[in-house]
Amino acid sequence: MTASGASLSRFIGPDGLAVAALPDFARDAAELVRLYRAMLLTRAFDEKAVALQRTGRLGTFAVSLGQEAVSVGVAAGMRAEDVFLPSFREQGGQLWRGVTPLELFLYWGGDERGSDFKGPRQDFPICIPVGSHPPHAVGVAMAFKLRREPRVAVCVLGDGATSKGDFAEAINMAGVWNAPAVFVVNNNRWAISVPLARQTAARSLAQKAVAAGIPGEQVDGNDVVAVRATVERAVERARGGGGPSLVEALTYRLGDHTTADDASRYRDDAEVSPHWAEEPVLRLRRHLTATGAWDRAREEQAIAAAAAAVNADADRYLATPAQPRETIFDFTYAAMPADLDAQRRAALGGA
Amino acid sequence: MEELNLVQAVNRALARAMADDPSVVVLGEDVGRDGGVFRATDGLWTRFGDERVIDTPLAEAAIAGVAVGMAAQGLRPVAEIQFTGFIYPPIDQLVNHASRLRTRTRGRLACPMVLRAPCGGGIHAPEHHSESPEAMLAQIPGLRVVLPSSPARAYGLLLAAIRDPDPVVFLEPTRLYRALREPVDDNGEALPLDRCFVLREGKDITLVTWGATVVETLAAAELLAGEGIAAGVIDVATLHPLDQETIVAAVRRTGRCVIAHEAPLSGGWGAEIAARLAEHAFASLLAPIQRVAGYDTVMPLPRLEAHYLPSTQRIAAAARRAMGFA
Ligand SMILES: Cc1ncc(C[n+]2csc(CCOP(=O)(O)OP(=O)(O)O)c2C)c(N)n1
Ligand SMILES: [Mg+2]
């Protein structure tokens, strides 16, 4: 039990050593390497996105530096047929589920085609209005329930998002209806400049589940094994009719809020630097190295492979021409209303 | 006199209002130590302290609702919604409470609050950060809606909004935040909340606009001048309640009118203005009123937004169409 009263689940400590008997999937070195590579890919994607933004070739972008284990771990705890409802900092989970770096570059580059995922067709697009998507997860879950489909809706939101009414309304409703939905709070301790202590007087975010009458638990969000195991358990419980739950993953936002933010205005290095010792990529690398599953050569090869995958899609993105301007109109309705078509024709006529 | 851009002018007006009146408080997400994501509240937290410059949790509906409570108590809250894309939950508070507290209580309670929010497109912002919802706000009875288009007008209108006894939504065009500077006298003088600004006189046609589109409209007027067409430009910075008189008087003189705005065409505030002109300037009209607006579509993401926003060319073309009627 932690000070907050909820139990914190952790399998691998910051030094890379196991602190508890590992779950089955984590006894398979190949599976751990898969999770590790997914975190490296996320980091490589973030680095490239920032580089493109800094050179004027991408819009504002939210890096997930230090939070890769939450994003990847959540997605790894789901099945392909489940539905993912991400916030704007969950590229790690999106990539795991088959959204391509190209699609993510397009989206953040200001092109709607980036939300037309070729892989996970039923996953929701990135949610920008903070905390407005938990109710969607309840709706998705109720559709599964109505059709007797053994599927689960998984919504990831930030610590700041838990202050929104929509979040409280959604977990309450999910509880009443026993909806097969899992809500994961990616608690990176900051909402732009607002630290958690100014976001809530609650001792934990997991305890917000108590009032909704659903289970709530905390997990070490820098331990990808713990995130995956916890989310998998929550998702399988929901799938089996055991109802919704809330998972609070404790991590830390090592970077600026977005490329438009300068975090040095509101927090100093002394606040941030201790968290570098906790970060998830280093932690799993230590673990893999200690167990003999990893070495320098493999590390170099894996980093190069991640960068190559990201760079190839960045090149494709940069070579993708903008959509024709009539597409501004074309997806407004299933069928083009005559009234809108008149505007469309006038626009194309240059009028 | 100091040269300020629009966001600096907003900052000066806030500082001035806070210095003059201890009942003025600022609240919103990241408005404190960070000084606001656009820096509109920069320096206020240091100067006035965290009791009057309040960083809120992430909860827009409550930010607006808290402002209602403060205002009913006689404080003068200036609440910031970080982008107009997040103003929709507060609309509940505006419609059901802020705008009708005076009416409901027959004047016993009032709601002298200001809700500030950056608005509009053209800065290549992420999804949901570029919309122009002024018409849906301007339709709320009991609310004032203001949308300045220059640093000096932003300064004077924000002071007026804060001092006004009724709730005001104050929209700030992000595209103009840093686009231009002009001398702003930080003298504490407010501008009237119910007058249009005539930015340019012209006897042939009247161009009516507001917000960031003022820039393209002035450019269109310049272009038209080169073609021998004298176009006047009116900035309707105080959208609601509307200064019908100035607009009607101008169109009665010219007989021709183009209305330009970023928000979608149908039900946009241009429709209201066109209806007023049809009612009150009908006999003077020499051509159908032309509207140039955003389309009735979702605001496109940055790669296509330039095709959506009313351009100088589209505004000038509409004016030429109006001039073509004999
Ligand atoms: C409803 C809403 N309000 C404000 C914003 C502006 N904004 C974007 S991210 C953010 C902070 C979000 O904090 P949190 O939920 O903790 O997620 P994090 O950014 O830490 O991933 C804010 C205020 C927004 N996008 N949506
Ligand atoms: Mg956060």
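What follows is my look at the ligand first, then at the domains.

Before anything else: this is a predicted model, where local features need pLDDT of at least 70, side-chain atom pairs count only at pLDDT 80 or more, and totals for chains, interfaces and linings use all residues. Residues are numbered from 1 along each chain as its sequence is written, chains are lettered from A and ligands numbered from 1 in the order in which they are written, and side-chain values use heavy atoms, leaving out hydrogens and water.

**Ligand 1**

Next I checked polar contacts (pairs of N or O atoms within 3.5 Å). A nitrogen atom of ligand 1 sits 2.9 Å from a polar backbone atom of Ile128(A). For Val130(A), a backbone N or O atom is 2.9 Å from a ligand nitrogen. From chain B, the side chain of Gln82(B) has an N or O atom 3.5 Å from a nitrogen of ligand 1.

**Domains of chain B**

I found domain 1 at 2–184 and domain 2 at 197–323, with bounds from an automatic or database domain assignment. Their C-alpha centres are 26 Å apart.

How many salt bridges link domain 1 and domain 2 of chain B? I count 3 between them, each being a side-chain nitrogen of Lys or Arg within 4 Å of a carboxyl oxygen of Asp or Glu. I also noted that Arg153(B) forms a salt bridge with Asp235(B), with the closest N and O atoms 3.0 Å apart.

Definitions and conventions: A polar contact is a pair of N or O atoms within 3.5 Å; within protein, one must be able to donate a hydrogen and the other to accept it, and residues adjacent in sequence count only if both atoms are side-chain atoms.
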